[in-house]
Amino acid sequence: MTETTAKKTTKRPARKPDPATAVLAEVKVARKAYAGLSMPVAGGHNPPKGREHHEREANRWMAADTARKFDGVPGWDSALLAQAYRTLSEREPERVRSGLVRLAALAVSAVESLDREAE
């Protein structure tokens with residue numbers, strides 16, 4: 001018997017699928033409802049005034065989110081709203097883009113959290 005045939009082959013345990021993969025597949029399907037839409041992130045008749053409103057709301061929700069975390073009672077609602085309002089208050093496109101990516105990451109994390117609770 002040769003050395004290679006004498007070695008036992010061991011199977012590696014199956015890798016757990018990344019939960020985000022399934023959620024992102026759902027997002028990809030849901031996104032089709034918005035395909036082809038082109039609009040500014042800050043819309044309305046007075047976008048600068050809207051951004052000011054979003055900034056005030058971002059500060060309010062960030063304070064609520066921080067207080068909740070400090071008290072040990074966090075929630076996805078305050079985290080999502082703080083990020084959404086902060087993103088909508090941004091003026092520079094690259095900051096809006098990175099904020100939207102963070103918001104999407106938070107939303108996917110919230111869905112994953114719901115899925116874990118349902119198991």
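**Basis.** I worked from a predicted model, in which local features need pLDDT of at least 70, side-chain atom pairs count only at pLDDT 80 or more, and totals for chains, interfaces and linings use all residues. Residues are numbered from 1 along each chain as its sequence is written, and side-chain values use heavy atoms, without hydrogens and water.

**Largest pocket.** I looked up pockets (on a 1 Å grid over the protein atoms alone, open sets of points where a 1.4 Å probe fits, with protein on both sides within 12 Å along at least five of seven lines; lining residues have an atom within 4 Å of a point). The largest holds about 420 Å³ of space, a volume being the space filled by probe spheres set on the points. I noted Val-27, Ala-30, Arg-31, Tyr-34, Leu-37, Met-39, Pro-40, Val-41 and Ala-104 as its lining. H2 gives the largest share of this lining, three residues.

**Second largest pocket.** I recorded a volume of about 180 Å³. Its lining consists of Lys-16, Pro-17, Pro-19, Glu-112, Asp-115, Arg-116 and Glu-119. Helix H5 (residues 93-118) supplies the largest share, three residues; helices are DSSP runs of H or I of at least four residues, numbered from the N terminus.

**Two residues.** I found Met-39 in the loop between helix H2 (19-31) and H3. Met-39 is exposed, at 60% relative accessible area, where exposed means over 50%, buried under 20% and partly exposed in between (1.4 Å probe, protein chains only). Glu-52 sits in helix H3 (residues 47-71) and is partly exposed, at 41%. I read 30 Å between the C-alpha atoms of Glu-52 and Ala-30, which are 22 residues apart along the chain.

Note on methods:
Helices (H or I, at least four residues) and strands (E, at least two) are DSSP runs, numbered from the N terminus.
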